[in-house]
Amino acid sequence: MTPDLACYSKAFANGMPISLLTGRRAIWSYSRKRYSSYNVWGEALSLAAAVATIHEMMERNVPAYLAAQGKKLKDGYNALAKELGIDGYTRCSGFDCRSLVSFDASAGQPLELKSYVQQELIKRGISGPGFTT
């Protein structure tokens, strides 16, 4: 799925302050007639960081790696929930690279359950998926 317009920020420059606006050619031909303002026009360090980060992401195929790791997490979470007999109350869904864990209100307060699971993941050194309540 390709968006008409997309805005990216610090992630594509490994945390350096920068933003990127990209989109379809038809949208850009319209936007060139509009005024744009730049906050730090001459700042080159973030541009260099963005170029280096993009090269690393391409060379190491980072999107595929993140999707594979996310699929392991999502599938593992759902398998464990099924094994424990709680798959009717919680599940991990979404894209492999960006999954979400949700809790059914019949299992308790979803916000409390989310907090408890996050706490237990952190205790084990795991930066888990996103959560929804």
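A nonpolar core is a set of buried Ala, Val, Leu, Ile, Met, Phe, Trp, Tyr and Cys residues joined through side-chain atoms within 4.5 Å. Buried here means under 20% relative accessible area, while exposed means over 50% and partly exposed lies in between, using a 1.4 Å probe and protein chains only. Keep both ideas at hand as we walk through this predicted model, in which local features need pLDDT of at least 70, side-chain atom pairs count only at pLDDT 80 or more, and totals for chains, interfaces and linings use all residues. Residues are numbered from 1 along each chain as its sequence is written, and side-chain values use heavy atoms, with hydrogens and water left out.

Let's start with the overall layout. The protein chain has 4 helices and 5 strands; helices (H or I, at least four residues) and strands (E, at least two) are DSSP runs, numbered from the N terminus. Along the sequence they follow the pattern β-β-α-α-α-β-β-α-β. Of the 133 residues in the protein chain, 17% are buried. The accessible surface is about 10300 Å², and carbon and sulfur atoms hold 59% of that surface; such areas come from the Shrake-Rupley method with a 1.4 Å probe, and for residues only the protein chains shown count as cover. Among contacts (heavy atoms within 4.5 Å) with a separation of 6 or more, 37% join residues 24 or more positions apart.

Now to the interior. In soluble globular proteins, nonpolar side chains tend to be buried together. Here, the largest nonpolar core has 6 residues: C92, V101, F103, V117, L121 and F131. Strand β4 (98-103) and helix α4 are the elements that give two or more residues to this core. Another core, of 5 residues, lies apart from it and includes F12, A13, A49 and A50.

Leaving aside residues up to four places away in sequence, T90 touches Y77, A81, V101, S102 and F103. Where does the side chain of T90 reach the backbone oxygen of S102? The distance is 2.9 Å.

Finally, look at the charged groups. Side chains of opposite charge can pair when their charged atoms come close. The structure holds 6 salt bridges, each a side-chain nitrogen of Lys or Arg within 4 Å of a carboxyl oxygen of Asp or Glu. One of them pairs R24 with D4, with the closest N and O atoms 2.7 Å apart. This pair links distant parts of the chain, 20 residues apart: R24 sits in the loop between β2 (20-23) and α1 (25-31), and D4 in the segment before β1 (5-8). R24 counts as partly exposed because its relative accessibility is 39%, and D4 is partly exposed too, at 42%.

Helix α4 brings us to E120. K123 forms a salt bridge with E120, the closest N and O atoms being 3.2 Å apart. K123 and E120 are 3 residues apart in helix α4 (residues 110-123), so about one helical turn separates them. K123 is exposed, at 59% relative accessible area, whereas E120 is buried, at 16%. E120 also forms a salt bridge with R124, with a closest N and O distance of 2.8 Å. Through shared partners, salt bridges join E120, K123 and R124 into one network.

Note on methods:
Polar contact = N/O pair within 3.5 Å; in protein donor to acceptor, adjacent residues only side chain to side chain.
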